[in-house]
Amino acid sequence: MQTSRRTLPLWLGALLAVLGLAGAPSQGSAQSMFENFAYPGKCMDVYRGDLSDGNHIDVYQCQSSVNQYFQRQSDGHVVVQKGQTGPRGYQMCMDYYPTAGRVGDPVRIWPCRPLTGPADSQHWYYLGSNQWMGGSGNCVSAPSGTNGTQLVMAACNASNPPANTRWKQRF
């Protein structure tokens with residue numbers, strides 16, 4: 001039986017809640033940097049700090065610059081760059097649009113907008129396994145630790161996650 005994109009996160013969300021694996025390190029709190037477990041000293045980064053629609057998120061040397069600050073909101077949005085607005089005047093959020101968030105799809109930024117449900121491309125869950133899971137049921141991954149490497153979606157594995165899909169919070 002094939003699981004639809006809309007039902008997978010509901011099922012997975014319920015399972016994670018039962019197992020106590022879901023969490024949110026920064027719901028409604030201070031902005032945080034997120035360092036990759038596989039590549040110490042490398043953090044999530046909005047490429048070149050460019051807040052244009054569709055810009056990608058990459059891995060880059062942690063340096064506490066504004067483009068390395070992310071904040072998960074209580075509704076599931078992840079706002080980038082301390083809520084600064086892009087060229088069109090909107091706050092920008094972590095997203096995987098226009099793709100479906102499948103394995104290998106890029107992680108990007110787009111203007112924050114109201115969420116349509118748990119499978120929305122701007123709805124994110126921070127798992128107890130230190131993984132960022134999107135509404136598609138896949139997780140954010142750093143394919144390499146080379147500065148500028150674009151982040152992509154990868155299969156989530158909460159019980160034995162690969163280090164390159166794990167992100168620890170840095171303040």
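These legends describe close-up views of a predicted model.

**View 1. Confidence along the chain.** Mean pLDDT for the protein chain is 86. Of its residues, 82% reach 70 or more. Residues 1–29 stay under 50. For that stretch the model has 53 contacts beyond four places in sequence.

View 2. The ring centres of phenylalanine 34 and tyrosine 126 are 5.7 Å apart. Their planes meet at 50 degrees, so the pair is tilted. Phenylalanine 34 lies in strand E2 and tyrosine 126 in strand E9, so the pair ties together parts 92 residues apart in sequence. Phenylalanine 34 is buried, at 0% relative accessible area. Tyrosine 126 also counts as buried, at 7%. Ring pairs link Phe34, Tyr126 and Trp132 into a cluster.

**View 3. Tyrosine 97 and tryptophan 110.** Here the ring centres lie 5.3 Å apart, with planes at 85 degrees, so the pair is edge-to-face. Tyrosine 97 sits in the loop between strands E7 and E8, and tryptophan 110 in strand E8. Tyrosine 97 is partly exposed, with a relative accessible area of 44%.

**View 4. Lysines over aromatic rings.** Lysine 82 has its charged end over the ring of tyrosine 69, 4.4 Å from the ring centre. The charged end of lysine 168 sits over the ring of phenylalanine 37, 5.7 Å from the centre.

**View 5. Aspartate 58, buried without a salt bridge.** Aspartate 58 belongs to strand E4 (residues 57–61). The nearest side chain of opposite charge is arginine 48, 7.5 Å away. Beyond four places in sequence, aspartate 58 has contacts including Cys43, Tyr47, Gly148 and Leu151.

Conventions: Residues numbered from 1 in each chain as written. Predicted model: local features only at pLDDT ≥ 70, side-chain atom pairs only at ≥ 80, totals over all residues. Heavy atoms only, no water. Helix = DSSP H or I, 4+ residues; strand = E, 2+ residues; numbered from the N terminus. Buried < 20%, exposed > 50% of the residue type's maximum accessible area, 1.4 Å probe, protein only. Lys, Arg positive; Asp, Glu negative; His and termini not counted. Salt bridge = Lys/Arg side-chain N within 4 Å of Asp/Glu carboxyl O. Contact = heavy atoms within 4.5 Å. pLDDT = per-residue confidence, 0-100. Phe/Tyr/Trp six-rings, centres within 6.5 Å; stacked < 30°, edge-to-face > 60°. Lys NZ or Arg CZ within 6 Å of the ring centre and 35° of its normal.
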